Amino acid sequence: MPRFSIPAEDAQGPLVVGIDIGSGGTRAAVYDASGREVDKRTHKEAHAFTVDDDGTSTIDADQVVEEIHTSLAAVLGDGPLPGEVLAIGFDTFASSLVAVDADGSALTPCITYADTRCHAQVDQLAATLDVDALHERTGARLHSSYTAPRLSWLRETHPEVVARTDRFMALGEYAALKLLGRAALGTASAAWSGMIDRRTGQYVPELLEAVGVDLSMMGPAVDPDDALPVEGTPLAAEFPQLRRAVWLPVIGDGLAANLGIGALGAGTWGISTATSGAIRQLLDSEIPALPSGLWAYRVDQQRTLVGSAMSDCGRVLDWCRNELAMPFDIDATDTATLFSGPPSDGTPLVIPFFSGERGTKWRGSSRAMFANVGASTTWKDMLLGAMEGVALSFLRIADQMREAGGEPERIVLSGGMTGAIPGWLHLLSDALAMPIDHVAVSRSTMRGAAVMALEQAAPGVPVAEVPVLTRVEPVAAHAEYYRERLERFEKLADLA
C-alpha cells in the first residue's frame with residue numbers, strides 16, 4: 001500500500017512518535033498532528049518468535065527493548081525535527097507475559113499470544129470457574145492466548161521462577177520499566193490479559209485466586225490520559241528531543257489497527273484481513289449483555305473495543321494457492337471476474353477452520369470441511385467456495401456485533417489478503433449487506449499508536465482521513481443467498 005506521509009516542510013505540529021511491536025519486528029516513526037508519517041522518519045528492526053513443536057512461542061524481552069532504542073535513534077537522529085515531540089504512542093502484539101524479579105530483570109522470555117503450552121491449564125480452569133459469567137465480566141474467553149492459564153502453567157511447570165517473581169508484566173509494561181524507570185500497563189493492554197473487569201478496570205479476584213497469584217504481582221491498569229512524563233527519565237537523557245513528551249501506557253495491536261485505519265468512532269467497524277481476520281468497533285456506551293461470540297476490551301473509563309476474530313483469513317488463500325494446483329501467481333485481474341459474478345448454489349460450501357475456530361464458538365479443535373464438491377468441481381470453484389467461507393465467517397461475527405452495538409454507519413477495511421485479491425470484497429460486501437471502504441494505509445498499527453498519542457498531544461484536532469482505495473457496494477439481491485448459506489455453514493461447522 002502507498003505511504004500515508006507528509007513532507008517535513010508541510011508537517012504541522014505538535015509531533016508524536018508511534019512505536020509498534022509486532023510479530024515480525026519493532027517499528028518507530030514520527031507523525032505530525034494530522035496523523036501522517038513525517039518524511040521518511042520511519043525505521044524497522046526485524047525479529048521473529050522462537051517456536052517449538054511443544055507450543056512454545058517466545059521472544060527475548062530485552063531484545064525488544066534494544067530494538068526500541070535502535071528505532072528511536074534512527075527516526076530522531078536524522079537531522080532537526082520540524083516541530084516538537086509532545087507524546088509517544090506505543091502498541092504491542094496483545095496478550096504477552098514476562099516474569100520480572102524485584103530488581104526489574106526478566107526471569108523468562110516474553111511468552112507471546114501464540115504460545116499454546118497452557119492448553120491443559122485452560123481445561124483445568126474451565127472445570128472450576130463459571131466460564132460464561134467470566135466472559136460476561138472480563139469480556140474474554142478462557143483460552144491459551146490469555147494470561148490466567150499461562151500463569152497457572154508457569155506455577156505448575158516452573159515453580160522456581162514463580163518463587164523469584166516480583167511482578168508479572170506485559171511486554172509493553174516491561175519496556176516502559178526499562179526505558180522510563182517505571183512500569184506502565186495501559187488499560188487496553190491489561191484488558192487483553194482476560195483478567196480485568198471490563199466495567200471497572202480492576203482485576204477479578206476469583207481469577208487471581210484460581211491461578212494462585214497475589215494482586216500485588218499484577219500491574220494496575222492505566223488509562224491513556226494518565227500518560228507518564230518523559231522528562232527526568234533515562235529515555236529523556238538519551239533522547240533530549242523527547243524531554244517534553246509524555247509516554248502513553250501501552251495498548252494492544254487490535255485497538256491500534258482500528259485507530260490506524262480510521263475506525264475511530266462507535267459508528268464505524270474496522271475489519272482486518274491479514275493472515276487472520278477480525279471485526280472491531282470502538283464503543284462509548286455500555287454493553288449490557290455481551291454476545292457469546294465476541295470479546296470486549298476496556299480502553300478507558302468511557303470506551304470499549306468490542307469484536308471478534310478468526311484464525312484463518314489470508315491463510316485460506318495461502319492454502320488454496322499451495323494445495324489446489326491453482327496458479328500461485330494468480331492476481332487481482334484473474335480473480336476480479338470470478339468474485340464479481342452472481343452466486344451459485346453449486347459453489348462448494350467451505351468451513352475454513354484450518355487453524356481451529358475462534359469467533360464465534362471458540363472450538364479450537366475444529367478443522368476445515370468441504371461440502372458440495374463433485375467430479376466437475378474446479379480449482380476456481382474451490383477458491384470461490386473458500387473465500388465465500390471467509391465471508392460467512394465475518395457474517396456470523398457481524399450478526400453478533402449488531403447485537404452489541406447496533407447497525408454500523410460505515411465499514412473500513414485493510415489487510416494484505418485483500419490487497420492480493422481485492423475482488424473478493426464483492427463477496428464480503430454482499431454477505432454483510434453493507435458498503436465497504438478498502439482503505440490505503442501501510443503500518444496501520446503504528447499509525448494507530450500515534451493517533452492515540454495525538455489524543456493527548458493535540459486534543460480536539462481531527463486527524464486526516466485515510467485514503468479510500470476502493471468502495472464496494474453490495475448487490476441487494478444476493479443477501480438472501482448468503483443468509484441461506486450461513487444456515488448451512490453453521491450446521492456443517494457444528495460437525496467440524
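Me: Against which helices do the buried residues of α11 pack?
Reply: Contact means heavy atoms within 4.5 Å, and helices are DSSP runs of H or I with at least four residues, strands being runs of E with at least two, numbered from the N terminus. In this predicted model, where local features need pLDDT of at least 70, side-chain atom pairs count only at pLDDT 80 or more, and totals for chains, interfaces and linings use all residues, the buried residues of α11 pack against α13 (379–405) and α14 (416–420). Residues are numbered from 1 along each chain as its sequence is written, and side-chain values use heavy atoms, leaving out hydrogens and water.

Me: Which residues of α11 are buried, and which exposed residues does the face turned away carry?
Reply: Buried means under 20% relative accessible area, exposed over 50%, and partly exposed in between, with a 1.4 Å probe and protein chains only. In helix α11 (residues 314–323) the buried ones are Gly-314, Val-316, Leu-317, Cys-320 and Arg-321. Because they cover an arc of only 155 degrees around the axis, taken from the directions from the helix axis to the C-beta atoms, they lie on the same side of α11. The face turned away from that buried side carries the exposed Asn-322 and Glu-323.

Me: How many bridges join β23 to β24, and what stands opposite His-438 in β24?
Reply: Two strands pair if DSSP finds at least two bridges between them. Four bridges join β23 to the antiparallel strand β24 (residues 468–472), with Thr-470 opposite His-438, whereas β22 (residues 410–414) pairs with β23 in the parallel sense over two bridges, and there Leu-413 stands opposite His-438.
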